[in-house]
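Hello,

Here is the structure we talked about handing over. Please open it first, then read the notes below.

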Amino acid sequence: MAFNSQREATPRDIAIGLLARREYSRAELAQRLQKKSFDNAAIEECLDTLIEQDLQSDARFAASFVHSRIMRGQGIIRIKGELRQRGVDQETLNTAFAAVEESEQVDWFELARETLARRFTSPGENPKERARRERFLASRGFDFEQIRYALSCL
């Protein structure tokens, strides 16, 4: 975004520039604006205005985030953890999960199986290899039952 030298960028200018690229949570935008040394009151006012104008929405951000992570083959545990790190509250997080799971008919067991099958062709010939596959799925955010199911399908 080009600014003429007569005018300093405002928190809104920077926030709009960021939001033009992708969705951000309110907390992420606040962090970015704080790094630019804006006053906290100006940041809060700017973010409140963006929310009122529906230019920023934690609900929209969370739904978009959940969808993108499912497409990457990530599980519930990891996705929820990353959303919490990005400042999304529990209610918004739960609503986003419910909406995406319903609209996309997500089967977490099948997603775990597909994710494992993309990386490995067998469940592992020995306990060490099997543990490697379990760690892979656990790091992707799948729970024990989903991991067990995925391994039984290879």
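UniProt positions are given in the numbering used here, feature names are shortened, and annotations may be inferred rather than shown by experiment. With that in mind, UniProt lists residues 57–96 as "domain: RecX second three-helical", in an unreviewed entry. Please also keep in mind that this is a predicted model.

**The annotated stretches**

Residues 57–96 are 78% helix and 0% strand. The end C-alpha atoms of this stretch lie 12 Å apart.

The unreviewed entry gives "domain: RecX first three-helical" for residues 12–50. That stretch is 79% helix, with 0% strand. Its end C-alpha atoms are 8 Å apart.

The unreviewed entry also gives "domain: RecX third three-helical", covering residues 107–151. Here the chain is 73% helix and again 0% strand. The end C-alpha atoms are separated by 16 Å.

**The domain assignment**

Domain 1 runs over 23–104, and domain 2 over 108–153. Eleven residues from domain 1 and ten residues from domain 2 take part in the contact. The centres of the two domains, taken over C-alpha atoms, are 29 Å from each other.

**Where the domains meet**

How much area is buried between domain 1 and domain 2? About 820 Å². Carbon and sulfur atoms give 55% of that area.

Which elements give two or more residues to the side of domain 1 that touches domain 2? They are helix H5 (76–85) and helix H6 (90–104). H5 gives the most, with four residues. By type, the residues on this side of domain 1 are five nonpolar, three polar and three charged.

Now the polar side of the interface. Seven residue pairs are in polar contact between domain 1 and domain 2, with both residues at pLDDT 80 or more. Salt bridges across this interface number zero.

**Salt bridges elsewhere**

The whole structure is another matter. A search there finds 13 salt bridges. One of them joins the side chains of Glu82 and Arg69, at 3.2 Å from N to O. Glu82 sits in helix H5, and Arg69 in helix H4 (residues 58–71). The two residues are 13 apart, and the pair links distant parts of the chain.

Best wishes

Key:
Residues are numbered from 1 along each chain as its sequence is written. This is a predicted model: local features need pLDDT of at least 70, side-chain atom pairs count only at pLDDT 80 or more; totals for chains, interfaces and linings use all residues. Side-chain values use heavy atoms; hydrogens and water are left out. Domain bounds come from an automatic or database domain assignment. Contact means heavy atoms within 4.5 Å. Buried area is the accessible area (1.4 Å probe) that two parts lose on being put together, summed over both. A salt bridge is a side-chain nitrogen of Lys or Arg within 4 Å of a carboxyl oxygen of Asp or Glu. A polar contact is a pair of N or O atoms within 3.5 Å; within protein, one must be able to donate a hydrogen and the other to accept it, and residues adjacent in sequence count only if both atoms are side-chain atoms. Ala, Val, Leu, Ile, Met, Phe, Trp, Tyr, Cys and Pro count as nonpolar, Asp, Glu, Lys and Arg as charged, and the others, Gly among them, as polar.
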